[in-house]
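Dear colleague,

I am passing on a structure that you have not worked with before, and below it you will find an account of what turned up in it. Please have the model open while you read.

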Amino acid sequence: MAALEQGSIVAVIGSGAMGAGIAQVAAAAGYTVKLFDTRPEAVDKAIADIGKVYTTLVEKGRMSGEAAIAARARLHSVATLKEVDDAALVVEAIVENLDVKRMLFSDLENVVGDDCILATNTSSISVTAIAAPLRRPQRLVGMHFFNPVPLMALVEVISGLATDRDVAETVYATATAWGKSPVHAKSTPGFIVNRVARPFYAEGLRLLQEQAADAPTLDAVMRDCGGFRMGPFELMDLIGHDVNFSVTQSVFNAYFGDPRFTPSVLQQEMVNAGFLGRKSGRGFYQYGEGAAKAAASQEAAHARPEVVSISIDADVPDTVTHPLEQRLAGAGFTVGHRKPLPNAGENEAPAFHCNGAAIFLTDGRSATERASANRHPDTVLFDLALDYGKATRIALARADQCSDAAYNAAVGLFQAAGFVVTRLDDVPGMAVMRTVAMLANEAADAVNQGVCTAPAVDIAMQKGVNYPRGPLAWANAVGVAHIVTVLANLAAAYGEDRYRVSPLLRRKLANGSGF
């Protein structure tokens, strides 16, 4: 389907941050915008603010003066809903309340023409439920933008059970014409992003609760190793713990208590205390004038080991550890190859050896359990990194049986290669690996359940929440086999259905394909 023609009238209901952002983008793309709010003064302010944004874009060379003037001229304030009767598309961006949204769309049905598309910007309410009372529910679709709308590329185009396919395709094409990166999704709890992102917060909170490290250290590992723009705790502080906790509760309840989405008692305590993050001046970090910046922990300097050898774990693609091998070689190590340890089982070859230490990429077991299984006490694990060739930090965990000499040699090895070394307590799966595995698992389940396609889920997580790599692309990079191993080991360690492996991941493993 083609996009709505330029010059078509787009009505935006609600002039808050989301509504104003939608209006700004639509007008800049060549569409006539009618902005309505129950508070006329809010509309006037929103249009004035949008004009200032256009001026700023001109000053920065990102918009021509002529385009800014034309876009501003396409913005119109309307005082009543009756004035949007000629709209080709109405986008609702009002309070997240089912009854209020239903009432608005019922009113709009009595105003707009039969061909007008009705769109809701809801982030959490069922599109099917919103459309149910309408005479023509097939013309209502979700058009979920992300805040701030002008900067965030993603739009989730959400089809309820009654949504006409042509309506969804027209909105998809129109969002593309507005310069966005739309993805199709079915109306299910959390849609794509708010569902698939839950493990990013949940695993971080569990790691903190299990004392793997403090919040600044875990955030640093996720940023400097995992390549995420923000760690889970600084991101939750930015979002607001009341908001983040509410979304998690909503998804958990909507999935009838599925343990994969279980809210965190720790975050509930943060909400109970009023430690909501930036907006309250305190969350996992302190904010405001004079607040000290919390530092991540790192290991003291240790001597460079003299000898390093490597043996590849058959479960892990060479592309994962090869950049690390190259980095060690670049640091002057002559990396010799050797066979697995005599007592190692199948797929149990350590990645690196130095001064008696056997150094593995984490597979979801604790270092202590792995040392026991291999009968090699001097076992050290390292966490996943987005790119071992460029990462500035690496996280290690040592088995309880590991000697100080062996662990210090492992620390010295990575330090000599230019890494800041951070120690995590010996929790299963470490930080980046278990988070990425759970993100990939949730993404695979969304695809398996027909919520979206595999390309769509990766686009959504990169464009909607700025992940450095889509979850399924990450599963391909790490290896589906290793992701399944990590999840299975986490499930065994915790005895919880939370870590059950998606049937689609198992299918991909069985047929030897990726996403």
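The buried residues of helix 9 are Ala215, Pro216, Thr217, Leu218, Asp219, Ala220, Val221 and Met222. Please keep in mind throughout that this is a predicted model. Helix 9 spans residues 215-224, and because eight of its ten residues are buried, it is largely enclosed by the rest of the structure. The cover over these buried residues includes helix 8 (198-209), helix 10 (232-239), strand 14 (393-398), strand 15 (420-423) and helix 16.

One of these neighbours, helix 10, packs against helix 9 at an angle of about 105°, the two axes being 7 Å apart, which means that helix 9 is roughly perpendicular to helix 10. On the side of helix 9 the contact is made by Ala215, Leu218, Asp219, Met222 and Arg223, and on the side of helix 10 by Pro232, Phe233 and Glu234. Sorted by class, this contact has five nonpolar residues, three charged ones and no polar ones.

**Helix 16 and helix 18**

Helix 16 (residues 432-448) also meets helix 18 (residues 471-478), where the axes come within 8 Å and cross at roughly 120°. That angle makes helix 16 oblique to helix 18, and the crossing is left-handed. Helix 16 contributes Met433, Val436, Leu439, Ala440, Ala443, Ala444 and Val447 to the contact, while helix 18 contributes Pro471, Leu472, Trp474, Ala475 and Val478. By class, the contact of helix 16 with helix 18 has twelve nonpolar residues, with no polar and no charged ones.

Elsewhere, eight strands form an open sheet with mixed pairing, in the order 3-2-1-4-5-6-7-8. Strand 3 (75-78) and strand 8 (181-186) stand at the edges, and each has a single partner strand, so one side of each is left without a neighbour in the sheet. From one strand to the next the twist averages 25°. Strand 3 pairs with strand 2 (residues 32-36) in the parallel sense over four bridges, and Leu35 stands opposite Ser77 in strand 3.

Helix 1 (residues 17-28) lies across strand 1 (9-13), strand 2, strand 3, strand 4 (89-92) and strand 6 (140-145), and runs at about 165° to strand 2. Helix 6 (residues 165-177) lies across strand 5 (117-120), strand 6, strand 7 (154-159) and strand 8, and runs at about 155° to strand 8.

**Single residues to look at**

Most residues other than glycine have a negative phi, and most peptide bonds are trans. Against that background, a cis peptide bond joins Asn147 and Pro148, with omega about 0°, and Pro148 is found in the loop between strand 6 and strand 7.

Phe256, although not a glycine, has a positive phi of about 55°; this residue lies in the loop between helix 11 (241-254) and helix 12 and is exposed, with a relative accessible area of 79%. Met430 likewise is not a glycine and has a positive phi of about 55°, but Met430 lies in the loop between strand 15 and helix 16 and is buried, with a relative accessible area of 1%.

Finally, Gln267 has its place in helix 12 (residues 265-273) and is buried, with a relative accessible area of 1%. Leaving aside residues up to four places away in sequence, Gln267 touches Leu205, Met236, His241, Asn244 and Phe245.

With kind regards

Definitions and conventions
Residues numbered from 1 in each chain as written. Predicted model: local features only at pLDDT ≥ 70, side-chain atom pairs only at ≥ 80, totals over all residues. Heavy atoms only, no water. Axes fitted to C-alpha atoms, helices over the stretch in contact; angles between N-to-C directions. Helix = DSSP H or I, 4+ residues; strand = E, 2+ residues; numbered from the N terminus. Parallel < 35°, antiparallel > 145°, perpendicular 65-115°, else oblique. Left-handed = near helix turned anticlockwise from the far one by under 90°. Contact = heavy atoms within 4.5 Å. Nonpolar A, V, L, I, M, F, W, Y, C, P; charged D, E, K, R; others polar. Pairing = 2+ DSSP bridges. Buried < 20%, exposed > 50% of the residue type's maximum accessible area, 1.4 Å probe, protein only.
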